[in-house]
Amino acid sequence: MSEPLLVVEDLSVEFATDTGWVQVLDGVTFGVDRGETVGLVGESGSGKTVTSLSILGLLPPEGSRVTAGSIRLDGVELVGMPKRRLEAMRGDEISMIFQEPMTSLDPAFRVGDQIAEVVRRHRGGSRREAWKRAVEVLETVGIANAGSRARSYPHEFSGGMRQRVMIAMALSCEPKLIIADEPTTALDVTIQAQVLDLLRSMRDEFGTAVVFVTHDLGVVADICDRAVVMYAGQVVERSEIDALYATPHHPYTEALLSAMPQLVARTGRLATIPGSTPPAGSMPAGCRFHPRCGHVRDRCRDTLVAERRLDGGGTSRCLRVSDLVLKGSA
Amino acid sequence: MLRYTVRRILMIIPLLFLVSLGVFALVLLIPGDPAITIAGENATEAQIDATRERLGLNDPVLVQYASWAGNALTGDLGSSLFSNESVVGAIGGRFPVTLSLTVAAMVAALLIAVPAGITAALRRGRWQDRGATLFASVGISLPNFWVGILLIMAFALAFPIFPAVGYTPLSDGVGPWVLGLVLPGITLGTAVAAEITRQLRGSLSDTLQQDFIRTARANGLTARAVIAKHGLKNAAVPVVTVMGFQIGFLLGGSVIVERVFGLPGLGDLAIRAVLQRDIPMIQGIVVVSALIVMLVNLVVDLSYGWLNPKVRQA
Amino acid sequence: MTTTAPTDGLDGREALAPPEPTARARFVRRFRRQLPAQLALGYLVVVVAGVALAPLLATHDPLVQNLNGVLQPPGGGHVLGTDDLGRDVFSRALYAGRVSLVAAAEAVGVAVLLGVVPGLVAGYAGKAVDAVIMRVTDALMSFPPLILAIAFVGVLGPSLTNAMIVIGVIFAPRFVRLVRGTVIAIREETYIEASRSIGTGTATVIRRHVLPNALSPLIVQISLTAAMAMLAEASLSFLGLGVQPPDASWGSMIERGFRYTASAPWLTVFPGLLIALTVLAFNLLGDGLRDSLGREIRRGS
């Protein structure tokens, strides 16, 4: 098989606003191999969550539309797939973990029932079998006394434990791909590390591919094989993880690296990126990052920049990629 | 859960006390001499004195209250001043009619409100939503006796599908019983349906915005399962509350609807008692209906425990 | 007005309104968008004017019987027909409207009078006094309103005034709760503390801060309560426990017409329509006012 497990190709998405349709994703392209973990990185507003929701077909049907591009899982086209078929794939072949463990589980049902419901949806079988499977996955994600804990309600779990439950639910049908949208952002630092460990060991054990959506490059370094950096609805850089940290090829990546809290201890100060992501619908002309870029030149302000392939196998969306030497974190 | 239940039941006691005070105070409100009112305007002096003695009106008010409340606690609410029938017996005899009517109204209300509320929540801002919202506004504004009369004109007189008046007991067969309750049930249920529609629409569309709904969808649950299971159960708490509130309205409305459709229920008994100034009967009906309202609210509160597991710990 | 569409998250439609100059301007601007409430207000103005000018508008004397022309259908000399005693339905409806509206106003007046003071006391005194007042309102609210009203009228004797006083008492807890809630909310506000610390008396605080803040929800509640009071009056009069003949309200007109449902449906249809529309108007006006008077829910205030 030549094609990667997940292929997102030239994906463009628009949202409805009071003033008409506005583009929020512009030609997003990346792939994820089997068993691989890819970081989807960017500030809020970069389009990373929209990208992950559109992979699952979870964008609101009335407020949004895919205007171009293709999303293929194992060679099967997901864009334009009938609702019911897509529903049947969600939770089975591809599933998602969300940022807010406190609100992402239904407070009115026992956690075991919620997992068993997903199992029965995709695997069928009796209630008893589904429940057994639910207890089994809860054990797998490291919940002690899974048999009795399955009978608890979400409010009886701590945030970190709930995120484990979410992961158990996502894993319950052994999907090929899990999209984890900032799964550790809402958690304490120590709990973050535990959840990351868990995700890593799940990947190693089951060979599940993971798209790890985050704004934190530090986490990406911990867990990902490759990174896709997004800015203002576009992919600005794709790279192997080590290469990205050593020699970033886009000024935005450089800025993100210098804003990593992990660097503060070494340099004594936390760099921030001046300005903020432009709102969709009022994108700057030329390179979308130019108003915030420290290396900006006149031609950056009016030249549309395409993604360029680089020698190491990565890509960059910077005009000056050949003459800039950017600072990494190494 | 047990502690919650016990505490909730204990909360009824002071309420019951206040209600009994209020009901007892009704006698004190009788203008002039209650003995004359109760004995009748043509009674002789001796009859009036006898009445006064029988009702204990010569005793201090507190003693009167204590004896009345004491009897009430043992299930003795006195007897009718006119038929000598015991108040509890008369109420018990009429109760099945009013219960049937109330249940019919609730069923009619839910049959209208649940589909309307769900459709409105799912089609927010579209014509289905506007229609349901309009129905909710109009439904609480219609005088129910008028609705009843219009229904009789349409479905009993113009198109004689249902009986216009009268009640067939359940013991005479389920079919006639149900048939006789259709129009009264719709009449009494319209306003309740309007309230529930409004509440369900708001509550369900809030619930459907929640993160856990997104989780359910992300795990491939069908739209139907997401709405019917996760949506409705979580949206139910405020809806059930509203349904509980409606019980007082249903009991009051049943007076009217029983009058319109000639049903021999509690409401009919109440009106007779009022027209005859049958004070013990009036007191009895008020006590029983307040008791029903309190019990229904208790059941509603306890149902929160099932609907919302967090409450059980409180 | 600028529109921003965040690229993350699901909601891409958040509108930011410009800052408001005054509360009144904001109310006017918001109320202008409430078409149903405007129509309701217009309708109520017409109805009030109609019943106020009843002597001018009535085509017949509402009490004069014509036993030769009973149960005449609408049209001819009688716009809305005649009743079982040959009285003109249109003229009677005008005068009956006076009775219905005045009765509703009485009930609302009683409810407000009985509700505001205990609400203020409960909110201010707190602790035991508050607990007692709230238990009493709870008890009052656990009676089915109509049953309680019927019982009181039964004891006091049927009369419209009695009925409306009772209805007013029954609706008073709504105002108790509303005022108490406002007082408690306002007491928490820092400017009240500041004002008290410089020696402003309780009466002044109530006049300057509590009442103005309670006014908007009070107006909304008055409109909604008027709707319920009208329905209650109609119900009691339909049962013969409200207005007594020869006077009539819309409710008692229906009661009279009910005996002729088959032969003279107009006797019930028209008064019922008037009740329904008027109650609907009060409800829509109340809803519209609530949406226009409420505090700014959106960001920025």
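Predicted model: local features only at pLDDT ≥ 70, side-chain atom pairs only at ≥ 80, totals over all residues.
Is A:Glu182 buried or exposed, and how many other C-beta atoms lie within 10 Å?

**View 1. A:Glu182 sits in a loop of chain A.** This residue is buried, since 21 other C-beta atoms lie within 10 Å, and 20 or more is what it takes to count as buried. The loop that holds A:Glu182 runs between β7 (177-181) and α7 (189-206) of chain A. Have a look at the backbone here too: A:Glu182 has a positive phi of about 45 degrees, although it is not a glycine.

**View 2. Strand β10 of chain A pairs with β9(A) and with β12(A).** Start with β10 (residues 234-240), which is mostly covered, with six of its seven residues buried. Strand β9 (residues 226-231) runs antiparallel to β10(A), and six bridges join the two. Between these strands is a hairpin with two residues in the gap, and there A:Ala232 takes a positive phi near 50 degrees. β12 (residues 315-316) is also antiparallel to β10(A), with two bridges joining them. To find your way across, pick out A:Glu237 in β10(A): A:Val229 is its bridge partner on one strand, and A:Ser316 in β12(A) is its bridge partner on another.

**View 3. Chain A meets chain B.** Chain A brings 25 residues to this contact, and chain B brings 19 residues. On the chain A side, α2 (83-89), β6 (94-97) and α3 (111-123) each supply at least two residues. The one that gives the most is α3(A), with four residues. Sorted by class, this side of chain A has 12 nonpolar, six polar and seven charged residues.

**View 4. Helix α12 of chain B has a buried face.** In this helix (residues 266-276), the buried residues are B:Leu266, B:Gly267, B:Leu269, B:Ala270, B:Ala273 and B:Val274. Looking down the axis of α12(B), you'd find them within an arc of 155 degrees, so they line one face of the helix. What covers them? The cover includes α6 (87-122), α11 (223-261) and α13 (279-307) of chain B, together with α6 (145-156) of chain C.

**View 5. B:Arg277 follows helix α12 of chain B.** You'll find B:Arg277 in the loop between α12 and α13 of chain B. Its phi is near 50 degrees, a positive value in a residue other than glycine. B:Arg277 is partly exposed, with 19 other C-beta atoms within 10 Å.

**View 6. Two domains are assigned in chain B.** Domain 1 covers 32-76 and domain 2 covers 88-313, according to the domain assignment. Taken over C-alpha atoms, their centres are separated by 39 Å. Where the domains touch, four residues of domain 1 of chain B are in contact with four residues of domain 2 of chain B. The domain 1 side of that contact divides into two nonpolar, two polar and no charged residues.

**View 7. A cis peptide bond turns up in chain C.** The bond joins C:Pro245 and C:Pro246, with omega at about 5 degrees. C:Pro246 is in the loop between α9 (202-238) and α10 (250-258) of chain C. Of its 301 residues, 44% count as buried.

Notes: Residues numbered from 1 in each chain as written. Chains lettered and ligands numbered in written order. Contact = placed C-beta atoms within 7 Å. Nonpolar A, V, L, I, M, F, W, Y, C, P; charged D, E, K, R; others polar. Domains from an automatic or database assignment. Buried ≥ 20, exposed ≤ 12 C-beta atoms within 10 Å, placed from the backbone. Pairing = 2+ DSSP bridges. Arc of directions from axis to C-beta.
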